Amino acid sequence: MRFLKNHWFGFLLSLIFGAYVLVFLLVLFAPTKDMQNRGFTKCSTALYNDLKLCNRSSWCLLQKVLINNWCNVTVVGEGVSAWINGEQASPWANYFFEPELPQDEEPHPELVKFYQESTDLPRQMNELKNKNKILEQEVLKHGESEQSSGLGFE
């Protein structure tokens with residue numbers, strides 16, 4: 001008990017810092033993209049939009065980051081609350097989930113046609129590399145012949 005009386009302020013600061021680091025790690029490892037805008041995604045999107053309005057003001061930046069941290073803590077609190085009320089299976093289910101990502105668009109018809117016509121792309125790439133080497137050698141020889149004949153520009 002005497003330890004707590006002598007070091008209460010350091011203990012309190014350690015608890016606050018530990019909670020901040022815990023929330024930071026949760027946000028760091030949570031999914032960042034989701035079609036339904038679940039979890040910390042809504043906080044990150046709001047921070048991104050708010051930072052565009054700050055116009056490089058340090059005070060504005062600090063305010064927006066603190067608001068974002070409060071938003072992240074709120075998401076964690078909502079998860080614990082929903083878990084206690086039996087609305088979800090675990091306290092972290094609202095921010096650790098399988099993200100729903102947008103489906104890839106259909107490829108352009110010309111691209112599909114190109115891949116259908118080009119059945120041996122590795123061979124074609126090797127041919128292009130060989131042609132490139134030959135062209136580089138010809139350019140080097142041409143440059144050396146101009147310099148030796150005195151026609152090169154310096």
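This is a predicted model: local features need pLDDT of at least 70, side-chain atom pairs count only at pLDDT 80 or more; totals for chains, interfaces and linings use all residues.
# Notebook: disulfides and salt bridges

I started with the cysteines and found two disulfides in the structure.

**Entry 1, Cys43 and Cys71.** I looked up this pair and found a disulfide with the sulfur atoms 1.9 Å apart.

Is Cys43 buried or exposed? Cys43 counts as buried because its relative accessibility is 1%, and the cut-off for buried is under 20%. Cys71 comes out at 25%, so I noted it as partly exposed.

The link of Cys54 and Cys60 is left-handed, with -70 degrees about the S-S bond. I have Cys54 down as buried, at 8% relative accessible area. Cys60 has 14% relative accessibility and counts as buried.

To finish with the cysteines, I counted the bonded ones along the chain and got the pattern 1-4, 2-3.

**Entry 3, salt bridges.** How many salt bridges are there? My count comes to three.

I took Glu78 and Lys42 to begin with; their side chains meet in a salt bridge at 3.9 Å, N to O. This pair links distant parts of the chain, with Glu78 in helix H4 and Lys42 in helix H3, 36 residues apart. I noted Glu78 as partly exposed at 40% relative accessible area, and Lys42 as partly exposed at 37% relative accessibility.

**Entry 4, around Arg123.** I then turned to Arg123, which forms a salt bridge with Asp120, the closest N and O atoms being 2.9 Å apart. The side chain of Arg123 also meets that of Glu127 in a salt bridge, 2.5 Å from N to O. What separates Arg123 and Glu127 along the helix? They are four residues apart in helix H6 (residues 121-148), so about one helical turn lies between them.

I put the three residues together: Asp120, Arg123 and Glu127 are linked in a network of salt bridges. For accessibility, I have Arg123 as partly exposed at 41%, Asp120 as partly exposed at 31% and Glu127 as partly exposed at 36%.

Conventions:
Residues are numbered from 1 along each chain as its sequence is written. Side-chain values use heavy atoms; hydrogens and water are left out. A disulfide is a pair of cysteine sulfur atoms within 2.5 Å. Buried means under 20% relative accessible area, exposed over 50%, partly exposed in between (1.4 Å probe, protein chains only). Helices (H or I, at least four residues) and strands (E, at least two) are DSSP runs, numbered from the N terminus.
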